[in-house]
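Open the model in your viewer and keep the selection tool at hand.

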Amino acid sequence: MNYLWGGMILVGVVYAAMTGNLGAVTDQALASAKEAVSLCLTMTGAMAFWVGLMKIAEKGGMVNRAASAMGPILRFLFPSVPENSTADRYMATNMVSNFLGLGWAATPAGISAMKELKRLQKMSNQATDAMCDFLIINISSLQLIPVNIIAYRSQYGAVSPAAIVGPAIIATSISTLAAVIFIKLRQAFGRVEK
């Protein structure tokens, strides 16, 4: 991938030099760098706020209650994971964070869930069905409020940044439904996890 990006940049610079537009490339590179820093600051603020809220929810016991409430869903999706395991708690945190559109807050819980699922496995360095299924659910990411996209749209001056909520709910509902169907078909007809 690095070669691809490097090649595209090199072709662009060479083309700009050959057509006499090298100054415009330099100006745009500097303007884009400034915009990238501004976007990073905006997104860092949003991320800090939501990750902080998730930490408060975790310390207040809301995450454990969510994990308990999600027990039937987790059993349905991940039958091979022992009930009330630490992996359950992390998977529930990840799924709730994704549902609320907090991808940044979901990432640490997702990584911790994968570590716990790896610890539970009997095979070495091979992803289990539960790990693969969790990744599929995580990627499908059912979202009620797409916070990241709303923040991006706000940063770039959208007239109604939250107008994306309805289409996002529909799109992520469809992707999550497809993920669940795939997982259950794979569990029914795929290899049996040992």
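Select Asp133 and Arg186: their side chains are joined by a polar contact of 2.6 Å (a pair of N or O atoms within 3.5 Å, one able to donate a hydrogen and the other to accept it; residues adjacent in sequence count only if both atoms are side-chain atoms). This is a predicted model, in which local features need pLDDT of at least 70 and side-chain atom pairs pLDDT 80 or more, while totals for chains, interfaces and linings use all residues. Residues are numbered from 1 along each chain as its sequence is written, and side-chain values use heavy atoms, without hydrogens and water.

Stay on Asp133, which lies in helix α7 (helices are DSSP runs of H or I, at least four residues, numbered from the N terminus). Asp133 counts as buried because its relative accessibility is 2%, the limit being under 20% with a 1.4 Å probe and protein chains only. Now show Leu77, Phe78, Ile183, Arg186 and Gln187: Asp133 touches these, leaving aside residues up to four places away in sequence (heavy atoms within 4.5 Å).

Next, select Met70, Met95, Phe99, Leu142 and Thr176, the residues nearest the centre of the largest pocket, which has 15 lining residues. A pocket is an open set of points on a 1 Å grid over the protein atoms alone, where a 1.4 Å probe fits, with protein on both sides within 12 Å along at least five of seven lines; lining residues have an atom within 4 Å of a point. Colour α5 (86-99): this helix gives the largest share of that lining, five residues.

Methods
Helices (H or I, at least four residues) and strands (E, at least two) are DSSP runs, numbered from the N terminus. Buried means under 20% relative accessible area, exposed over 50%, partly exposed in between (1.4 Å probe, protein chains only).
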